[in-house]
Amino acid sequence: QVQLQESGPGLVKPSQTLSLTCSVSGGSITTENFYWSWIRQPPGKGLEWVGIIHYTGTTYYNPSLKSRSSISWDTSKNQFTLQVSAVTPEDAGTYYCARNLMASEDCLWGQGTQVAVSS
């Protein structure tokens, strides 16, 4: 059974870089036809798609976050990582990683991790 677990600092200072890791167990992140997502939810707001890394390693980003976001992976650890630079309080919220099956509504989510941005 595939499971995803987010990890990272609960608090980041403004202008710093936020780095989050999603650890995947029970299946490889290079399995064909899957892609791996980062989604966030600011307090009191809806879900916002941040970006994905395809099973080929190709990445795609929300245009509104593209200039500050970077998704990478470590296949030896079966993990993928999100970095968001120059954070502001608007970057605070719950961050989720998820596994998606291409051309399908099949989506498996992690439990989420809270991020606060404050000096």
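This is a predicted model: local features need pLDDT of at least 70, side-chain atom pairs count only at pLDDT 80 or more; totals for chains, interfaces and linings use all residues.
Reader: Thanks! And cysteine 97, buried or exposed?
Author: Cysteine 97 counts as buried, with a relative accessibility of 0%.

Reader: How many disulfides turn up in the whole structure?
Author: A search of the whole structure gives 1 disulfide. The bond joins cysteine 22 to cysteine 97, with an S to S distance of 2.1 Å. The pair links distant parts of the chain, since cysteine 22 sits in strand S3 and cysteine 97 in strand S9, 75 residues apart.

Reader: Nice. Which hand does that disulfide have, right or left?
Author: The torsion about the S-S bond of cysteine 22 and cysteine 97 is about 60°, so the disulfide is right-handed.

Reader: Let's switch to rings. How many aromatic pairs does the structure hold?
Author: There are 3 aromatic pairs in the structure. One of them is formed by tryptophan 36 and phenylalanine 80, a tilted pair with 5.9 Å centre to centre and 55° between the planes.

Reader: What does that pair tie together?
Author: Tryptophan 36 lies in strand S4 (residues 34-41) and phenylalanine 80 in strand S8 (residues 79-84), so the pair ties together parts that are 44 residues apart in sequence. Both tryptophan 36 and phenylalanine 80 are buried.

Reader: Which residues do the ring pairs link into a cluster?
Author: The cluster linked by ring pairs holds Trp36, Trp38 and Phe80.

Reader: And in the largest nonpolar core, which residues touch the most other members?
Author: That core has 25 residues, and the ones touching the most other members are Leu18, Val24, Trp36, Trp38, Phe80 and Leu82. Two or more residues each come from strand S3 (18-25), S4, strand S5 (48-54), S8, strand S9 (93-101) and strand S11 (113-117). The most comes from S3, with 4 residues.

Reader: I'd like to zoom in on leucine 82. What is it in contact with, leaving aside neighbours within four places in sequence?
Author: With those neighbours left aside, leucine 82 is in contact with Leu18, Ser19, Leu20, Trp38, Val50, Ser69, Ser70, Ile71 and Tyr95.

Reader: Last topic, backbone angles. What is phi of asparagine 78?
Author: Phi of asparagine 78 is near 55°, a positive value in a residue other than glycine. Asparagine 78 lies in the loop between S7 and S8, and counts as buried at 14% relative accessibility.

Reader: And alanine 103, where does that lie?
Author: Alanine 103 is in the loop between S9 and strand S10 (107-109). Alanine 103 has a positive phi of about 55°, although it is not a glycine. At a relative accessible area of 90%, alanine 103 is exposed.

Conventions:
Residues are numbered from 1 along each chain as its sequence is written. Side-chain values use heavy atoms; hydrogens and water are left out. Rings of Phe, Tyr and Trp (its six-membered ring) pair if their centres lie within 6.5 Å; planes under 30 degrees apart count as stacked, over 60 as edge-to-face and the rest as tilted. Buried means under 20% relative accessible area, exposed over 50%, partly exposed in between (1.4 Å probe, protein chains only). A nonpolar core is a set of buried Ala, Val, Leu, Ile, Met, Phe, Trp, Tyr and Cys residues joined through side-chain atoms within 4.5 Å. Contact means heavy atoms within 4.5 Å. A disulfide is a pair of cysteine sulfur atoms within 2.5 Å.
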